[in-house]
Amino acid sequence: MEVKVRTALISVSDKTGIVGFARGLADLGVKIISTGGTARQLQQAKIPVIEVETITGLADTLDGRVKTLHPKIHAGILALRDKPSHMHALQDLQAEQIDLVCVNLYPFEQTTARPECTLAEAIEDIDIGGPALIRAAAKNFRFVTVVTRPDQYPKVLDAIQQTGGVPEQVRAELAREAFALTSCYDTVIARYLNLKAGVELPEQLTIPLRRQMLLRYGENPHQSGGFYTLTFARETSISKGRFICNDVKLSFNNLLDANAAFELVKEFDEPAAAIVKHLNPCGCGVDEDIKMAYRKAYEGDVVSAFGGIIAVNRPVDPELGRWIMESYSRFGKVL
């Protein structure tokens, strides 16, 4: 079912791309309701904005803690457009339908990652109104589009440009992503508070994971696979690295071997190199010179090393790079 987007509520912490998105909506005739810093930024960009207090009749209070938590806002989002009693309730409230909600959340994870962050600062960065708006819009995705990330802006704008609304399939997809976002957000907060309280084994435990990449296949070629990372991981691991791949994607087993090799060389303070294939160490070497450490690792089993994963705990300079390439071009022979 196609739903025309006539009114949008925009309130974002991450303002990346928001001016362009709002301008695109305004150019398409969409009325924009906004709050606080978002409203000021859009007004500075000469984009017509209705501030939320104009709708609610109340200025934000409690130092901005309460802005959008109001029946006129949530009724406008949650009303079922095909249910007459809901439409009559909107009329009684003198509220209007809100067809699109663009919200992202206070950066709790980034705030608490700062070593100097205090508990009081962390508490202030727990978003309340944002998750409430997102969940309301996501629940009513049959009629409302929920937008939570800047990379979603082009898709939504393009759909509205084409038909004046967003297809239900896209609204459902955005709703699924929205619930995943709020779930992850709450999990990060709960984990932080548990750590602060010294609770190692909470009664309920959820693990927030983010997909970093799709894999060529899972443990076996007929299986699908993805690489997910912990949002709050502090230990240095392969998930902290940058993957540079050609047209061939990594597989599940590639990552297992890379992790095993990386964890092995992490054990050494001195220069070290390791080669792992199918979770079996083909060789490991240490030396004052990282190139010699690699040579020792390679010559531990020059046959099995072919096609394996190499890990070193020092930067790879051009000379070491040449050694690695030569060892593979001379398969089965010592350097």
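Biologist: Is threonine 56 buried or exposed, and what is its relative accessible area?
Modeller: Bear in mind that this is a predicted model. Threonine 56 is found in helix H3, residues 52–56, and, leaving out residues up to four places away in sequence, threonine 56 touches His70, Lys72 and Ile73. Since buried means under 20% relative accessible area, threonine 56 counts as buried, with a value of 9%.

Biologist: How are helix H1 and helix H9 oriented to each other?
Modeller: The axes of H1 (residues 18–27) and H9 (residues 153–163) come within 10 Å and cross at roughly 10°. Angles under 35 degrees count as roughly parallel, and H1 and H9 are therefore roughly parallel to each other.

Biologist: Which residues of H9 meet H1?
Modeller: The contact of H1 with H9 divides into seven nonpolar, two polar and no charged residues. From H1 come Ile18, Gly20, Phe21, Gly24 and Leu25, and they meet, in H9, Tyr153, Val156, Leu157 and Ile160.

Biologist: Are the rings of phenylalanine 21 and tyrosine 153 stacked or edge-to-face?
Modeller: This is one of four aromatic pairs in the structure, and both phenylalanine 21 and tyrosine 153 are buried. Phenylalanine 21 lies in helix H1 and tyrosine 153 in helix H9, so the pair ties together parts that are 132 residues apart in sequence. The ring centres are 4.3 Å apart and the planes lie at 10°, so the pair is stacked.

Biologist: What is the angle between the planes of phenylalanine 108 and tyrosine 192?
Modeller: Both of these residues are buried, and the pair links distant parts of the chain, with phenylalanine 108 in helix H6 and tyrosine 192 in helix H10, 84 residues apart. The centres are 5.4 Å apart and the pair is edge-to-face, with the planes at 85°.

Biologist: How are H4 and H8 oriented to each other?
Modeller: Helix H4 (residues 71–78) and helix H8 (residues 129–139) have axes that come within 8 Å and cross at roughly 30°. With the cut-off for roughly parallel at under 35 degrees, this crossing makes H4 and H8 roughly parallel.

Terms used
Residues are numbered from 1 along each chain as its sequence is written. This is a predicted model: local features need pLDDT of at least 70, side-chain atom pairs count only at pLDDT 80 or more; totals for chains, interfaces and linings use all residues. Side-chain values use heavy atoms; hydrogens and water are left out. Axes are lines fitted to C-alpha atoms, for helices over the stretch in contact, and angles run from 0 to 180 degrees between N-to-C directions. Helices (H or I, at least four residues) and strands (E, at least two) are DSSP runs, numbered from the N terminus. Angles under 35 degrees count as roughly parallel, over 145 as roughly antiparallel, 65 to 115 as roughly perpendicular and the rest as oblique. Buried means under 20% relative accessible area, exposed over 50%, partly exposed in between (1.4 Å probe, protein chains only). Contact means heavy atoms within 4.5 Å. Ala, Val, Leu, Ile, Met, Phe, Trp, Tyr, Cys and Pro count as nonpolar, Asp, Glu, Lys and Arg as charged, and the others, Gly among them, as polar. Rings of Phe, Tyr and Trp (its six-membered ring) pair if their centres lie within 6.5 Å; planes under 30 degrees apart count as stacked, over 60 as edge-to-face and the rest as tilted.
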